[in-house]
Amino acid sequence: MATVSPLPPPVQHPNTSSSPMLQPCVEQLDEQHKQQLQTQEAAVVQIDNDPKQSHLNPCPTHGFIDKSISTLYRVSFNQNGSCFAIGTDCGISVYSCDPYCEMFRRYFDNGGGIGIVEMLFRSNILVFVGNGDNPQYHRNKVIIWDDHQIRCIGELRFRSAVRGVRLRRDCIVVILEQKIFIYNFADLKLVHQIETISNPKGLCEISQTAVSPVLVCPGLQNGQVRVDHFTLKRTKFIFAHDSRIASFALSHEGNVLATASIKGTLIRIFSTQDGTLLQEVRRGADRAEIHSVSFDPTAQWLAVSSDKGTVHVFRLKVNLGNQDKTRTTPNFRGTLAAASSPLSFIKGVLPKYFSSEWSVAQFRLPGDSEFIVTFGHEKNTLLILGLDGSFIRCKFDPSSGKEMTQMEIHNFLKSEKAS
């Protein structure tokens, strides 16, 4: 079994940039989880989860310097959309969304390429995976970082590159090309593993507010999605599309799933309880690469971004956040939303396109970069992040069906280079 040993003492970092808002962390975890993490006095290393090959390997600590970013590898929102983090060829930076401001940065003195960075809500816990020509950590390592102590508190190592990481307060999910591992956060003990079809994008989502964790990942066939209810010890396979899955999102409660295929024309919404198709909405008629899909906290709205340069917001037809309603109406089709095509009366006569449900609001993105979306804390607002450094907040009016109104726009790459 894996062994543990004390980590080196934390290193002082006089050149580390930090906003006065974060000294040294914005929001500590609740007492139970904070105590669990603080009792981790060593790194637990798993070699592709074979206990016979696990061995002692204390996490390294490094100094930090100020340097200019040349490559942005990853942007990601935290679980509730209150912050976002970026991984660059220098290290990482964390920003507050409302109000928009840089909270802190960690730039490493020996290259520091970070390809994956995930936050645990607004806590001091982050997860890193290296990337680039001079990665800070190997691409097969997951580094668990406590920014309160400014040091690594845990490490997981695998035989192949890590494609993605997802966090809950009680577990860490690590996504490889064809396998997913779930660990307890308290002791990094492996509790579950799943085999998937080839998953180079690291697609995987896990519910955040449900008492019983719900995990969604690609199945073993093209177009198939696997849904695991861990507490109930139940697995459901949903054949969502005829072609390969490109993106999906899970509602905060874990009871509703939205999927998109590599065609990128239709987004389908399913119940995770029984796999029932609840609704189907249309992004457009032309093929598109879907970059992100996101539910609002109440599962009333769904946002979608793609390489067509437009963000769409769709109205969901029922209160999908209500689990009982989802269970009692498994075959719900309902009347079409107000955003249905005006030609919907000839449904069944002309192709399905003419009776499709369309978005109630759109936003035209600047440039041709890749963008991800989430919903803001203010009602009917959307937050948009781009690999070109854009942070955009916009507001939509679902009753008008018009273009969204841009409230603010910033470029965090320019602000970092100027600081």
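Begin by selecting strands E23 (residues 310–315) and E24, which run antiparallel and are joined by four bridges. Two strands are said to pair if DSSP finds at least two bridges between them. Within this pair, Thr 310 has Arg 364 of E24 as its bridge partner.

The model is predicted, so local features need pLDDT of at least 70 and side-chain atom pairs count only at pLDDT 80 or more, whereas totals for chains, interfaces and linings use all residues. Residues are numbered from 1 along each chain as its sequence is written, and side-chain values use heavy atoms, with hydrogens and water left out.

Next, select Gly 309, in the loop between strand E22 (301–306) and E23. Is Gly 309 buried or exposed? Gly 309 has 12% relative accessibility and counts as buried. Buried means under 20% relative accessible area, exposed over 50%, and partly exposed in between (1.4 Å probe, protein chains only). Not counting residues up to four places away in sequence, Gly 309 touches Phe 363, Arg 364 and Leu 365; contact means heavy atoms within 4.5 Å. Its C-alpha atom is separated by 8.6 Å from that of Glu 370, 61 residues apart along the chain.

Move to strand E27 (residues 390–395), where five of the six residues are buried, so the strand is largely enclosed by the rest of the structure. Strand E26 (residues 381–386) pairs with E27 in the antiparallel sense over five bridges, and Thr 381 has Lys 395 in E27 as its bridge partner. Three residues lie between the strands of this hairpin, and Gly 389 takes a positive phi near 95°. E27 also pairs with strand E28 (residues 405–411), in the antiparallel sense over six bridges. There, Cys 394 has Gln 406 in E28 as its bridge partner.

**Strands E5 and E6**

Now select strand E5 (residues 114–119): six of its six residues are buried, so E5 is largely enclosed by the rest of the structure. E5 pairs with strand E6 (residues 125–130) in the antiparallel sense over five bridges, and Val 117 stands opposite Phe 128 in E6. The two strands form a hairpin with five residues between them, and Phe 121 in the turn has a positive phi of about 50°.

**The nonpolar cores**

A nonpolar core is a set of buried Ala, Val, Leu, Ile, Met, Phe, Trp, Tyr and Cys residues joined through side-chain atoms within 4.5 Å. The largest has 21 residues; among those touching the most other members are Val 142, Ile 144 and Phe 158. E6 gives the largest share of this core, three residues. A second, separate core of 17 residues includes Val 311, Val 360, Val 373 and Phe 396.
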